[in-house]
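Morning, everyone. Let me put the next one up on the screen.

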Amino acid sequence: MTEPLLVDRTDAVVTLTLNRPTALNSLDVALKEALRDTLAELEADRSCRAVVLTGAGGSFSAGQDLREHVQTLEAGDANPLDTVRAHYNPIAARLANLPKPVVAAVRGMAAGAGASLAFLADFRIGGPKTRFLMAFAGVGLAADTGASWTLPRLVGHAKAVELLMLAEPISADEACRLGLLNTLVDDDERVLPAAQELAARLAAGPTVAYGAIKRQLSIADAGTLADALAAEAQAQAICGGTADHRAATMAFVNKQKPVFEGR
């Protein structure tokens with residue numbers, strides 16, 4: 001049986017590949033459960049210092065597997081969208097709060113929950129064929145997998161309303177202009193290598209500090225100045241006690257290049 005999620009480790013970088021290429025990497029229960037559980041494992045895995053999320057074949061992910069969903073609807077399930085609570089919400093929370101950098105290599109189409117997954121990454125790299133589609137309204141649904149939280153932060157409230165309600169495809173160039181992509185490479189075959197190169201660079205950095213930065217920004221986005229200042233004090237208390245901070249400070253004083261170990 002083909003594994004729905006491939007896990008590849010290269011040094012401190014873990015690449016997670018959504019592996020249903022014949023179904024455009026649409027998210028069925030098996031894939032959602034594998035992604036949810038693997039992210040939980042990586043959160044506690046100190047040997048993993050950066051994550052790359054990508055899709056097999058020519059697509060990132062078409063979102064929810066609607067063929068599977070039709071079966072749920074036809075079965076008369078009282079709560080046919082319980083997958084949001086059971087799968088999508090835990091996945092979104094894990095990705096957003098993972099205390100290490102996440103880079104999405106977005107080749108081809110990222111639609112619906114597939115686009116939402118990409119928006120939860122810290123960095124998104126795409127190529128000429130990259131497309132985003134907030135497809136939810138097209139099947140009579142509202143946003144999920146964190147899109148109502150990430151999208152306004154990336155493009156602003158008014159643009160988020162437009163993208164979610166009109167559900168029109170977004171080209172790679174437009175995605176880059178809007179901030180949905182951090183980097184647009186000129187060859188689709190370069191998307192994954194570029195993402196892995198960035199992840200390797202991040203994995204060699206002060207990953208405890210990166211995790212603290214992610215927490216700071218999450219708190220500051222929704223909080224007051226007082227909340228942000230309290231989060232900064234807490235983060236610096238943690239980072240100030242790391243071996244990375246001490247070693248990097250000594251390296252700076254001695255005009256040397258710091259070596260970070262993620263601790």
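In which sense do β2 and β3 pair, and over how many bridges? First, the ground rules. This is a predicted model, where local features need pLDDT of at least 70, side-chain atom pairs count only at pLDDT 80 or more, and totals for chains, interfaces and linings use all residues. Residues are numbered from 1 along each chain as its sequence is written, and side-chain values use heavy atoms, with hydrogens and water left out.

Helices (H or I, at least four residues) and strands (E, at least two) are DSSP runs, numbered from the N terminus. Two strands pair if DSSP finds at least two bridges between them.

Now the answer. β2, residues 13-18, and β3, residues 50-55, pair in the parallel sense, over six bridges. V14 has V51 as its bridge partner in β3.

On to β1, residues 5-10. β1 pairs with β2 in the antiparallel sense, again over six bridges. L6 has T17 as its bridge partner in β2. The hairpin has two residues between the strands, and D11 takes a positive phi near 55 degrees there.

Stay on β2. Six of its six residues are buried, meaning under 20% relative accessible area with a 1.4 Å probe, protein chains only. V13, T15 and T17 point one way, while V14, L16 and L18 point the other.

Next, the crossover. β2, helix α1 (residues 29-43) and β3 make a right-handed β-α-β unit. Right-handed means that, with the strands pointing away from the viewer, the path from the first strand over the helix to the second runs clockwise.

Last, α2, residues 66-74. At its start, a side-chain oxygen of D65 reaches to within 3.0 Å of the backbone nitrogen of R67. After α2 comes G76, with a positive phi near 75 degrees.

Methods. Polar contact = N/O pair within 3.5 Å; in protein donor to acceptor, adjacent residues only side chain to side chain. Buried < 20%, exposed > 50% of the residue type's maximum accessible area, 1.4 Å probe, protein only.
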